[in-house]
Amino acid sequence: MKITNSLLILIILAQLLLSCNSKQQTVSEPEEIPLSQAMADSEMKRNPHAWMIDFQPDPRWSYVNGLVCLSILDVWEKTKEQKYFDYAKGYADSLINNNGEIITYKKSSYNLDNINSGKILFSLYKETGDERYKKVMDTFYHQLEVQPRTPEGGFWHKQIYPNQMWLDGIYMSAPFYAEYAVTYGSDSVFNDIAHQFELLNEHARDSETGWYYHGWDASKSVYWADKETGLSKNFWGRGVGWYYMALVDVLDYFPAEHPKRQVILDQFIDLTNTIIKWQDEKTGLWYQVLDQGAREGNYLEATCSAMFAYGLLKGVDKGYLGDDKIPVAKLAYEGIVKNLIVKHPDGEVELIDCCAGAGLGPADNPVRDGTYEYYINEKKRSNDGKGTGPFIMASLIYENSTKFKVEKL
């Protein structure tokens, strides 16, 4: 068959067109990135400024923003992509003035929640040398030095919660307290740090279930507290999640030779065993009210499940837990991905079924009474930072630890 010049030209053009279309299709396919980065990118997309995290209308210093920014700094440490560092730095710079003062902070509130966001300042100060960050860290350390205490020496959760220790507060304060002590040479405080855990273990732990009650009033006088024990009424998932993360994170800084380190480690292992015992076998998740299972109104809740997954994964990775815990740690993380993560066509990822918030009191707020009905009726929402932050941190361990063989989920 004789091929004319015109036919030859048409054949060549057709081949070029097919080649171009093939290249265009390859380029247009979105690159799959690890879930740690996908969630970090999604949070940054949903909240163009970090002060917007936790659905905030105006900039304020908040523990949730600090938690998410800390997880995003962890992504920066892994990837070295500058956008992650800049995002967390932007939060600090939106609230810290030129004198090294947080514009929305009042020391007189003695609010342990304020301490938590101070954790991001260690990396920011190390990277930039900006003395404003060091000044704020000093401010928080000095707050802990004079924080009001229960008669036995436990930190009040806030000034408005006299003589009350909450599980939340130990996470907000202890890891910062310990990192500051290691970084700036205040080793004498480790006995005090351990004492906070010892008090909650003594007063808030339930020997029958192994769970910890959300709050303990040393005065036994606030309306939600049992008049004999001072304890609140239920085991709230995220409350125990805060405590579990506090245990595993404070071990990063507790000196190996310190006699109280083993106390912290023993509590971590004991609580791990409780967490595993109550893990939902089908999904690998945990309930909003931990010991009530599928009771009407109860649900498998995202923030506590992310916190427990993080603690389990980190405990295995650090060697605090044996390799026999690998299956339950994987079940927890993969259960979140399969049941609580929604992947959108544009690459954004969503974390569903998060409890928006819960607390106890104060005295003039009878709604927050710690009953079962109170916890199950608190608002649910997607992408709560109290869940996305721990999920990012859990994802980084799952994706990078030699203890876990990651398969595509």
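Trainee: At what angle do helix 7 and helix 8 pack?

Mentor: In this predicted model, helix 7 covers residues 131-146 and helix 8 covers residues 167-184, with their axes 11 Å apart. Helices here are DSSP runs (H or I, at least four residues) and strands are runs of E (at least two), numbered from the N terminus. Axes are lines fitted to C-alpha atoms, for helices over the stretch in contact, and angles run from 0 to 180 degrees between N-to-C directions. On that scale, helix 7 and helix 8 pack at about 115°.

Trainee: How do the residues of the contact of helix 7 with helix 8 divide?

Mentor: Helix 7 brings Lys134, Met137, Asp138, Phe140, Tyr141 and Leu144, while helix 8 brings Ser173, Phe176, Tyr177, Tyr180 and Tyr184. Contact means heavy atoms within 4.5 Å. Ala, Val, Leu, Ile, Met, Phe, Trp, Tyr, Cys and Pro count as nonpolar, Asp, Glu, Lys and Arg as charged, and the others, Gly among them, as polar. The residues of this contact come to 8 nonpolar, 1 polar and 2 charged.

Trainee: What pLDDT do local features need?

Mentor: Good thing to ask: residues are numbered from 1 along each chain as its sequence is written, and side-chain values use heavy atoms, leaving out hydrogens and water. Totals for chains, interfaces and linings use all residues, side-chain atom pairs count only at pLDDT 80 or more, and local features need a pLDDT of at least 70.

Trainee: Which residue does a cis peptide bond join to Gly361?

Mentor: Most residues other than glycine have a negative phi, and most peptide bonds are trans. Here omega is about 10°.

Trainee: Is Phe55 buried, exposed or partly exposed, and what is its relative accessible area?

Mentor: Phe55 lies in the loop between helix 2 (35-46) and helix 3 (63-79), and its phi is positive, near 60°. Buried means under 20% relative accessible area, exposed over 50%, and partly exposed in between (1.4 Å probe, protein chains only). Phe55 is therefore partly exposed, at 49%.

Trainee: How far apart are the end C-alpha atoms of helix 13?

Mentor: The expected span of a helix is 1.5 Å times one less than its number of residues. Helix 13 (residues 326-340) has 15 residues, so it should span 21 Å. The distance between its end C-alpha atoms agrees: 21 Å.
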